[in-house]
Amino acid sequence: MIYQSAKQSLQELAQVVQKLSAQDFSNPCPALSGATIGEHTRHVLEMFQCLLTQYDSGTINYDQRKRDTTLQTQPNVALHIIDFILEDIEKPNKPLILESTTDDFQTNISTNYHRELMYNLDHCVHHQALIKVAITLSNTIEIDPDFGVARSTLAYRKQCAQ
């Protein structure tokens, strides 16, 4: 189930990216402190990339993102990376170490692939909500009202409507 949810969120992101011009993708949004849709997209995708490319080593460090600027300025590059992630996301669950450095202090935390995939899914939805703000304010394309809304919130809304 987690694989399908992650894939669905990434496919929704791809559908939005496909609709955007390179200019709209890289246009700063004042309401997001000048961040662009492309920057939010790059950030999400590089987090997934870290999880997938570091999986075999058993240690995941999201601080080691590439921060590839072509990913945030060229929608076709982002779409290519989404395809790569979608093809590689279904990996067996296994124990992992999450490595992070905060304020010059390194922390290693026991985790697992499914837990980190869930983190990336939640993180993706959060950034989709920010992307939705930028799109809504720019009024450049139509966007699904459910884009950037957590699956649990959608289920709750459906339950309330009955």
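Is Cys124 buried or exposed? Cys124 is buried, at a relative accessible area of 1% (buried is under 20%, exposed over 50%, partly exposed in between, with a 1.4 Å probe and protein chains only).

## About the model

This is a predicted model, in which local features need pLDDT of at least 70 and side-chain atom pairs count only at pLDDT 80 or more, while totals for chains, interfaces and linings use all residues. Residues are numbered from 1 along each chain as its sequence is written, and side-chain values use heavy atoms, leaving out hydrogens and water.

## Cysteines

Let's stay with Cys124: its sulfur is 15 Å from the closest cysteine sulfur, in Cys50, too far for a bond. The count is zero disulfides, a disulfide being a pair of cysteine sulfur atoms within 2.5 Å. Cys160 is partly exposed, with a relative accessible area of 47%.

## Aromatic pairs

There are two aromatic pairs (rings of Phe, Tyr and Trp, the last by its six-membered ring, with centres within 6.5 Å; planes under 30 degrees apart are stacked, over 60 edge-to-face, the rest tilted). Tyr55 and Tyr113 form an edge-to-face pair, 5.1 Å centre to centre with 80° between the planes. Tyr55 is buried at 7% relative accessible area, and Tyr113 is buried at 0%.

The rings of Tyr62 and Tyr119 are tilted, with centres 5.7 Å apart and planes at 45°. Here Tyr62 is buried at 8% relative accessible area, whereas Tyr119 is partly exposed at 29%.
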